[in-house]
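Let's take a walk through this structure, one piece at a time. Have the view open and follow along.

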Amino acid sequence: RPPGNHLLCYNRTALKNALACLVILPRFLVAAFMLWCLDFLCVRRRVLFHLRSEEEEEDEDPPLCISDSSRMFSWESLKAVFHGHKLDWMKSARLGHDAPNSAVVPLAEPKRRRVLDFARAQRPLAFQRLVLQYADVADALVIYIEEAHPSDGWISSDAPYQIRKHRSLEERLSAARLMAREAPGCAIVADSMENSTNSAYGAYFDRLYIVQDGKVVYQGGRGPEGYRISELRHWLDQYRARLRDAVIRV
Ligand SMILES: *[C@@H]1O[C@H](CO)[C@@H](O)[C@H](O)[C@H]1NC(C)=O
């Protein structure tokens, strides 16, 4: 590539980055303000109380984890939140469009594969739990991405493991193996070290998707607020009902 071309490309990336910052700034400021408020004990107690009472109504969705002790407003937390918003804005996965076929690494043999290698023809690939309940209609794949709360980043006192930011594929894979122990019977792969799946799907902190025939058919919200297992279940229930209807009609 001629050097001029390189420069053009570089400029375009810089422009895209600058634009992203501009677009996400309002959302980021709102989130930062909320984190700042949460550091006041009286506010935090009230929010925790509110969350717990909601939890009883809809216990399938994991509760928002706000521990009593972790500091919410810090340089690390702001960096993490900004990173999440930016990934969300830059992601290429769009509802109804082709599912990005990003790189992933299986835990057993550290050889690069692609996300859609794990999809079977026509069957929806739901990226999380409910594995057994819906095994008749869908396959599931968990993709372990970068740590949401690494021990050298935005620390969470609730985190069951101390995992630092992955410096190598080996570190990422061994952290993913810890996760595999918690979810036996679930296919787990790790994101590539370029974080290509995380970027393509805007997955950070966590996110749910359903992909079918190479298309994104369900796109969950940005986690943790938008992470709704109940939505996933609703989609799968409707899909199962449609399949049954089709069978009856045949
Ligand atoms: C991928 O994520 C890790 C955090 O686990 C980060 O340290 C690294 O810089 C990222 N890689 C790229 C290419 O952005």
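To read what follows, you need one cut-off: a residue counts as buried if 20 or more other C-beta atoms lie within 10 Å of its own, and as exposed if 12 or fewer do. Keep in mind, too, that this is a predicted model.

With that in hand, go to helix α3, which spans residues 75-90. On one side of α3, Trp75 and Lys79 are exposed. The buried residues of α3 are Ser77, Ala80, Val81, Gly84, His85 and Leu87. As for its length, α3 has 16 residues and reaches 22 Å from first C-alpha to last, close to the 22 Å expected at 1.5 Å a residue.

Next, look at residues 17-43, which an unreviewed UniProt entry annotates as "transmembrane region". In the model, that stretch is 93% helix and 0% strand, with its end C-alpha atoms 34 Å apart.

Now for the ligand. Around it you'll find Glu146, Lys165, His166, Glu194 and Asn195. Sorted by class, that shell has 3 charged residues, 2 polar ones and no nonpolar ones.

Strands β6 (residues 209-212) and β7 (residues 215-219) run antiparallel and are joined by 4 bridges. Tyr209, for instance, has Gln219 in β7 as its bridge partner.

Note on methods: Residues numbered from 1 in each chain as written. Predicted model: local features only at pLDDT ≥ 70, side-chain atom pairs only at ≥ 80, totals over all residues. Near = placed C-beta within 6 Å. Nonpolar A, V, L, I, M, F, W, Y, C, P; charged D, E, K, R; others polar. Helix = DSSP H or I, 4+ residues; strand = E, 2+ residues; numbered from the N terminus. Expected span 1.5 Å × (residues − 1). UniProt positions renumbered as here; feature names shortened; annotations may be inferred. Pairing = 2+ DSSP bridges.
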